[in-house]
Amino acid sequence: MVGKVSLEIQFIHSICAIVLKGRWKDILKPNVGNHVTSAAINQVLFQLSLYGYGPSLSWEFYKWVESIPNYKHSLQSSWTVVHILTKHRHFKIAQNLLEKIAHNNFLSSPSVLNALVSTNCDPNVNSHVLSWLMISYANLRMTQEAIQVFEQMRVHGFKPHLHACTVLLNLLVNERLTHMVWKLYKKMIRLGVVANIHVYNVLVHACCKSGDVDKVEKVLAEMKFNGVSPDLYTYNILIALYGKKGMHYEALSVQDRMERSGVSPDIITYNSLIFGFCREGRMREALRFFKEIKGVAPNLVTYTTLIDGYCRVNDLKEASRLREAMEANGLYPSVVAYNSIIRKLCAEGRIRDANRILNKMSDKNVEPDSITCNTLINAYSKIGDMRSAMKVKNKMLEAGLKPNQFTFKALIHGFCKVQDLDSAKELLFGMLDIGLLPGYCTYSWLVDGYCNQGSEEAIIKLLDEFNERGLCLDVSVYRALIRRFCKQESIDYAQRIFNLMLGKGISGESIIYTSMAYAYWKMGKVNIASDFLHELYKRRLMITMKIYRSLNASFADDSILGFFWSHLAERGLISKSILKDMEHLKLPNKLTFG
């Protein structure tokens, strides 16, 4: 064994000698090349870096070997070169190579990283390399991979770069994984990372995303304790957060604090303050801040926010005046501004005026988006002009815009309204074909439409059509149909669909059993209702606040609903905490528990 190891070492040294003499092609000769393995290449690369040539000889040899036909470097060889380059501070080349191998290999795997990290004992180099790897994965939005690299650094006690920490935390915020932001931040601090303004700004941004005012106060207190002063970005996020929460006093206090700190507001500051008032329809205050803008010019966002605000308070005249004012200042409204005006005109039934605005958009080369089209489709569907609604939908498709759930819901509702149930049904299938799930309302419109025509059997046939088209039915479809038939007091059809559901091996949910029980209870068929309630109890299904609110909304005018809830409470189907919440709601149906 010792002799074999000695021979391997001699072979490595002989390869190194060939490289040093510049006779690299000799390695390709059969007497040498047949014995060259990826493990040998890895050892050669490492040995060459020790001969006083720095990383250049190892790097040149690495590239030359890579050019040999049918040869591919092992992950270990590439990792070795990355470390050699990093150790000699050739950071840019090392980063580029690392990104290249990260794309082609599962570097984030704990077992792979463990094996690679253990081959190099320099903690400083490992910190550099793993920090770059974190950044690379984060920039590619490979969240799990970036976290796994960080965890490996933590396990091995390597301190990540501050920039890598900032990039990873920012990724988590943008992915709305704010609960993970705080966990990772605590781990980073334990590894010895000292937060700077950029890290704190990410934390403040996380609070803004989650709307957590209490936590943002803690972050600000920590900043103050650590001697880190807020910058313009910090103040702007805080104003945006308070504005969204309707906390105008706090937002104005932040503005005052930033000005006293010598930080001048920018247009984002003013826009956030204006937005906070506009979203509540407080246009007088919003306009005051608009007039107070100094040192910066109002931009597209400023005017769009004000236009939307005036549309919210039904002041289309002022919204139109602002649109003209922004054009006079060399700013041309975006589709967002036009959408606000079109939405308001459609809400007032002024579709002809909305179309005039649409023509102005065309004149200004502003392309309508999905919101524009959906607004018009909804407006036409509400008045039963389905020909115009479908015309807008077709134009939407021609423009490369994809119909969404709102598009289909508006059209289905419109066709149900004009009693064109076949068209409504085809749209339902079209919706499902592209992976969009109809909600309770969509199915209820169809059920109501067929019931109004006395064609309840068509709903039963609808389930067969689902199967014929290869569409998989889940409990949500049966739930919606059963609930609506119960609302329509068509309990026989509700029972048939319930039986079909069980026949397919699909278990009912609490809302299904509760709806069926109440429908039978209302008809005076208390024994059958009791059977459904017994099934609820047997399956340990309980009444939730969602079910309570849902039935109260559906049967708001039923005087006996309160007695039904009292009966369920007596049967132990409502927990004490839910009972307490129900009593606090004080809904129209007076509850008598106990």
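Author: A nonpolar core is a set of buried Ala, Val, Leu, Ile, Met, Phe, Trp, Tyr and Cys residues joined through side-chain atoms within 4.5 Å. In this model, which is predicted, the largest such core has 203 residues.

Reader: Which members of that core touch the most other members?

Author: Those would be F61, F466, I482, M516, F564 and W565. Take F564: setting aside its neighbours within four places in sequence, F564 is in contact with T514, A517, Y518, W521, L533 and L551.

Reader: F466 is on that list too. Which helix holds F466 as a buried residue?

Author: That's α27, where I459, I460, L462, L463, E465 and F466 are buried. Those buried residues pack against α25 (421–433), α26 (440–452), α28 (475–487) and α29 (491–503).

Reader: Now α10. How does its reach sit against the expected value?

Author: With 13 residues, α10 reaches 18 Å from its first C-alpha to its last, and 18 Å is what you'd expect at 1.5 Å a residue. Just after α10, R176 takes a positive phi of about 60°.

Reader: Which residues of α10 are buried, and what covers them?

Author: The buried ones are A164, C165, T166, V167, L168, L169, L171, L172 and V173. Their cover includes α8 (123–139), α9 (143–156), α11 (178–190) and α12.

Reader: Why is α10 called roughly parallel to α12?

Author: The axes of α10 (residues 162–174) and α12 (residues 197–210) cross at roughly 10° and come within 9 Å. Angles under 35 degrees count as roughly parallel, so α10 is roughly parallel to α12.

Reader: And which residues of α10 and α12 meet?

Author: From α10 you get L162, T166, L169, N170, V173 and N174; they meet H198, V199, V202, H205, A206 and K209 in α12. By class, that contact has six nonpolar, five polar and one charged residues.

Reader: How do you know what to call the packing of α3 and α5?

Author: Same test. Helix α3 (residues 38–48) and helix α5 (residues 75–87) pack at an angle of about 10°, their axes 9 Å apart. With the cut-off at under 35 degrees, α3 is therefore roughly parallel to α5. S38, I41, N42, L45 and F46 of α3 make the contact with Q76, S77, T80, V81 and I84 of α5.

Reader: Why give both an angle and a distance?

Author: Because two packed helices are described by the angle between their axes and the distance between the axes.

Reader: What about Q152: buried or exposed?

Author: Q152 has 9% relative accessibility. Buried means under 20%, so Q152 counts as buried. Its place is in helix α9, and, leaving aside neighbours within four places in sequence, Q152 is in contact with P110, L113 and N114.

Reader: Then why does E324 count as partly exposed?

Author: E324 comes out at 49% relative accessibility. Exposed means over 50% and buried under 20%, with partly exposed in between, so E324 counts as partly exposed. E324 sits in helix α19 (residues 316–328). Its C-alpha is separated by 79 Å from that of A17, 307 residues apart along the chain.

Terms used:
Residues are numbered from 1 along each chain as its sequence is written. This is a predicted model: local features need pLDDT of at least 70, side-chain atom pairs count only at pLDDT 80 or more; totals for chains, interfaces and linings use all residues. Side-chain values use heavy atoms; hydrogens and water are left out. Axes are lines fitted to C-alpha atoms, for helices over the stretch in contact, and angles run from 0 to 180 degrees between N-to-C directions. Helices (H or I, at least four residues) and strands (E, at least two) are DSSP runs, numbered from the N terminus. Angles under 35 degrees count as roughly parallel, over 145 as roughly antiparallel, 65 to 115 as roughly perpendicular and the rest as oblique. Contact means heavy atoms within 4.5 Å. Ala, Val, Leu, Ile, Met, Phe, Trp, Tyr, Cys and Pro count as nonpolar, Asp, Glu, Lys and Arg as charged, and the others, Gly among them, as polar. Buried means under 20% relative accessible area, exposed over 50%, partly exposed in between (1.4 Å probe, protein chains only). The expected span of a helix is 1.5 Å times one less than its number of residues.
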